[in-house]
Amino acid sequence: DDPDDLGPLPKSDEKSVLQADSFKALERALPGDRFILRREPQPDAGIDWCVELRIGSCFTGMKADIQVKGCTSAKANSDGSISFSADVKNLNYLLYGSSPLYILYVAETTELRYAWVRDEVNRIQSENRDWQRQETVTVRFGSKLDDAGLQQIHDRIRREARLDREIH
């Protein structure tokens with residue numbers, strides 16, 4: 001297959017392949033009996049997916065907004081977390097959503113990690129009260145998206161949805 005005889009065509013770069021791989025990894029990681037994963041419509045303003053909880057055979061309307069990030073490789077911090085730079089605009093945008101969550105895909109290890117946006121904002125705010133004046137901030141992904149992580153995510157989305165319902 002020689003693309004030269006096809007004329008000029010757009011090239012697939014490493015970033016687009018990484019994004020596709022990260023989306024596939026997330027789709028595989030979420031068990032369909034507990035999570036319904038929905039791709040957010042375009043334009044992508046900062047939310048890639050919405051995940052709804054399934055409890056028993058019921059749809060619940062309990063959701064989380066997900067922004068997926070990807071990296072080819074990552075070195076763990078001394079506490080075991082992985083740092084990743086995120087745009088302040090994106091972080092701020094996600095704060096207005098439902099149970100906002102970052103998912104990080106590390107291609108080298110095919111590992112998925114997650115960080116709750118509100119927890120990260122609290123951590124960042126405690127370190128730098130002027131963080132919103134920056135272009136980027138460092139998000140620390142300390143939790144793995146394994147069985148325990150999936151249970152923690154399910155429980156937190158459920159808890160936050162119930163709290164939101166009680167408030168309103």
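Which helix or strand supplies the largest share of the lining of the second largest pocket? The largest share, five residues, comes from α1.

## Basis of the model

This is a predicted model, in which local features need pLDDT of at least 70 and side-chain atom pairs count only at pLDDT 80 or more, while totals for chains, interfaces and linings use all residues. Residues are numbered from 1 along each chain as its sequence is written, and side-chain values use heavy atoms, with hydrogens and water left out.

Helices (H or I, at least four residues) and strands (E, at least two) are DSSP runs, numbered from the N terminus.

## Pockets

Rolling a probe the size of a water molecule over the atoms shows where empty space is left. The search uses a 1 Å grid over the protein atoms alone: a cavity is a set of points where a 1.4 Å probe fits but cannot get out, and a pocket is an open set with protein on both sides within 12 Å along at least five of seven lines. Lining residues have an atom within 4 Å of a point. Grid points are joined across faces, edges and corners, and a volume is the space filled by probe spheres set on the points.

The largest pocket has a volume of about 340 Å³. Its lining holds 15 residues, and Glu160, Ala161, Arg162, Asp164 and Arg165 lie nearest the centre. Both β3 (58-71) and α4 (147-167) supply at least two lining residues each, and α4 gives the largest share, seven residues. By class, the lining has four nonpolar, five polar and six charged residues. Here Ala, Val, Leu, Ile, Met, Phe, Trp, Tyr, Cys and Pro count as nonpolar, Asp, Glu, Lys and Arg as charged, and the others, Gly among them, as polar.

The second largest pocket has a volume of about 280 Å³. Its lining residues include Lys15, Ser16, Leu18, Gln19 and Ser22, together with Gln67, Val68, Lys69 and Gly70. Asp44, Asp48 and Phe84 also line this pocket. At least two lining residues come from each of α1 (14-29) and β3. The lining divides into three nonpolar, five polar and four charged residues.

The 16 residues of α1 should span 22 Å at 1.5 Å a residue, and the end C-alpha atoms are 22 Å apart, which agrees. The expected span of a helix is 1.5 Å times one less than its number of residues. In α1, Leu18, Ser22, Phe23, Ala25 and Leu26 are buried (buried means under 20% relative accessible area, exposed over 50%, partly exposed in between, with a 1.4 Å probe and protein chains only). Seen down the axis of α1, these buried residues fall within an arc of 160°, so they line one face of the helix. The arc is that of the directions from the helix axis to the C-beta atoms.

The buried residues of α1 pack against β1 (35-39), β2 (49-55), β3, β5 (101-106) and β6 (111-116). Contact means heavy atoms within 4.5 Å. Ser22 counts as buried because its relative accessibility is 2%. Leaving aside residues up to four places away in sequence, Ser22 touches Val68, Lys69 and Tyr105.

There is one cavity of 30 Å³ or more, and about 40 Å³ of space lies in the largest cavity. Leu26 lines this cavity, along with Leu30, Phe35, Val51, Ile66, Leu101, Ile103, Leu145 and Ile153. The lining has nine nonpolar residues, no polar and no charged.

## Helix α3

In α3 (residues 117-127), Val117, Glu120, Val121 and Ile124 are buried. They cover an arc of only 100° around the axis, which puts them on the same side of α3. Asn122 and Ser126, on the other side of α3, are exposed. The buried residues pack against α2 (88-94), β5, β6 and β7 (136-141).

## Individual residues

Asp147 is found in α4 and counts as exposed at 65% relative accessibility. Asp147 and Ala29 are 118 residues apart in sequence, and 9.3 Å apart in space, C-alpha to C-alpha.

Most residues other than glycine have a negative phi. Ser99, in the loop between α2 and β5, has a positive phi of about 35° although it is not a glycine. Thr110, in the loop between β5 and β6, also has a positive phi, near 55°. Ser99 is buried, with a relative accessible area of 4%, whereas Thr110 is exposed at 53%.
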